Amino acid sequence: MECGAIDVGDLAGPFDLQATLESGQSYLWNRADGETYDELHAHGGDAWYETVVDPIPGVTEERVAVRVRQEGGVHDGRLRWEASTDAEPLLTHLLRLDDDLDAILDATPDLPLLERAYDAYEGMRLTRDPVFPCLISFICSAQMRVARIHGMQRRLRETYGDAVALGDETYRAFPTPDQLAARTEEELRDLSLGYRAPYVQRTAEMVASGEADPLAAADLPYEEARESLTRFVGVGNKVADCVLLFSLGFLEAVPLDTWIRTTIEEYYPDCDRGRYAATSRAIRERFGGEFAGYAQTYVFYYLRAGGE
């Protein structure tokens, strides 16, 4: 096992691990204390978070088990990590530590709602999750609270994922497409996936067989990329936008979930154009275009946690 630390002060902008991992972007990390997503207004904590990551092209060629916690503040703290290999490149990738957060937020419009959200969750960054687990997570997200979505993904890992050791602990990897494709709808329903079970099984089958590859969307222009992801069973425009934003690096994507539609209704009603594509385009422009997804994520978390 290897250990190390990343100085937050060396990053371009602040960083808050808890806000990043418990803001509804990622469902692939567990808090060691078992309290992931227990808090509605989660930020600034120092708990350990754990995950297992399969190989990512250009980042790691091996499956990596990693634990990380934040010590100190969002400007001058440290990210202490333990992993089966050098985890700094992997954490930089997964947590977007290479983003210039100050510059990104400065590039978004001076809107009062955005300013309040940025102040409330200083240092929250977007995630860059592996694409297949991200896709499955958001297929499971329909009409679900974040804690229940996380619970579904945890049960999938614990039931079908490979065991991976790190020191004296054993963690579970997210099931591979082959592992999920081999499950029956009934087995997945037993894990409380409900009507999402056949969507998960069929999407896994599409990836495992080579019928479709979600990673291929990364090479397309944004709106074409969104359309390409809707070929997967259970994936509409909103889920596709989530995968583009939280996995594939399309920082302009604005998923039109319930919270963002409420935001449009209450704050920016002129952005409601009826159809998803037109409304999405209008709110992207209102949030500044290139980094609109960052603005969306802050607003989503801020309003979900009770901000106004």
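User: How many salt bridges does a search of the whole structure find?
Analyst: The search finds 22. Keep in mind that this is a predicted model.

User: Give me one. What does Arg63 pair with?
Analyst: Arg63 forms a salt bridge with Asp162. Their closest N and O atoms are 3.0 Å apart.

User: Where do those two sit in the chain?
Analyst: They come from distant parts of the chain, 99 residues apart. Arg63 is in the loop between strand S3 (49-53) and strand S4 (64-71). Asp162 is in the loop between helix H6 (146-160) and strand S6 (163-166).

User: What about Glu82 and Arg67? How do their side chains meet?
Analyst: In a salt bridge, at 2.9 Å from N to O. Glu82 lies in strand S5 and Arg67 in strand S4, so the pair ties together parts that are 15 residues apart in sequence.

User: Are Glu82 and Arg67 buried or exposed?
Analyst: Glu82 is buried, and Arg67 is buried as well.

User: And which residue does Asp99 bridge to?
Analyst: Asp99 bridges to Arg96, with the closest N and O atoms 2.7 Å apart. Both residues are buried.

User: Which residues are linked in a network of salt bridges?
Analyst: Glu22, Arg31, Asp33, Glu35 and Glu39.

User: Switching to the surface. Which residues gather in the patch of negative charge?
Analyst: Asp100, Asp102, Asp106, Asp110, Glu115, Asp119 and Glu122.

User: Which helices supply at least two residues of that patch?
Analyst: Helix H3 (101-106) and helix H4 (112-120) each do. Asp106, for one, is found in H3.

User: Is Asp106 buried or exposed?
Analyst: Exposed. The relative accessible area of Asp106 is 65%, and over 50% counts as exposed.

User: Now Ser84. Where is it?
Analyst: Ser84 is in the loop between strand S5 (78-83) and helix H2 (88-94). Ser84 is partly exposed, at 32% relative accessible area.

User: What is Ser84 in contact with, leaving aside its neighbours within four places?
Analyst: Arg63, Val64, Ala65 and Leu166. Arg63 is the residue that bridges to Asp162.

User: How far is the Ser84 C-alpha from that of Cys3?
Analyst: The two C-alpha atoms are separated by 8.8 Å. Along the chain, Ser84 and Cys3 are 81 residues apart.

User: Next, helix H11. How many of its residues are buried?
Analyst: Eight of its 10 residues, so the helix, residues 237-246, is mostly covered.

User: Which ones?
Analyst: Val239, Ala240, Asp241, Cys242, Val243, Leu244, Leu245 and Phe246.

User: What do the buried residues of H11 pack against?
Analyst: Four helices are listed by name: H5 (131-139), H10 (222-229), H13 (276-286) and H14 (292-304).

User: Which helix holds Arg286?
Analyst: Arg286 is in helix H13. At 27% relative accessibility, Arg286 counts as partly exposed.

User: What does Arg286 touch, not counting residues up to four places away?
Analyst: Pro109, Leu111, Tyr268, Asp270 and Cys271.

User: Last one. How far apart are the C-alpha atoms of Arg286 and Arg116?
Analyst: They are separated by 16 Å. In sequence, Arg286 and Arg116 are 170 residues apart.

How values were computed: Residues numbered from 1 in each chain as written. Predicted model: local features only at pLDDT ≥ 70, side-chain atom pairs only at ≥ 80, totals over all residues. Heavy atoms only, no water. Buried < 20%, exposed > 50% of the residue type's maximum accessible area, 1.4 Å probe, protein only. Contact = heavy atoms within 4.5 Å. Patch = residues over 30% accessible without salt bridge, like charges linked within 9 Å, V, L, I, M, F, W, Y side chains within 5 Å. Areas by Shrake-Rupley, 256 points an atom, 1.4 Å probe, with all protein chains shown as cover. Salt bridge = Lys/Arg side-chain N within 4 Å of Asp/Glu carboxyl O. Lys, Arg positive; Asp, Glu negative; His and termini not counted. Charge placed at Lys NZ, Arg CZ, Asp CG, Glu CD.
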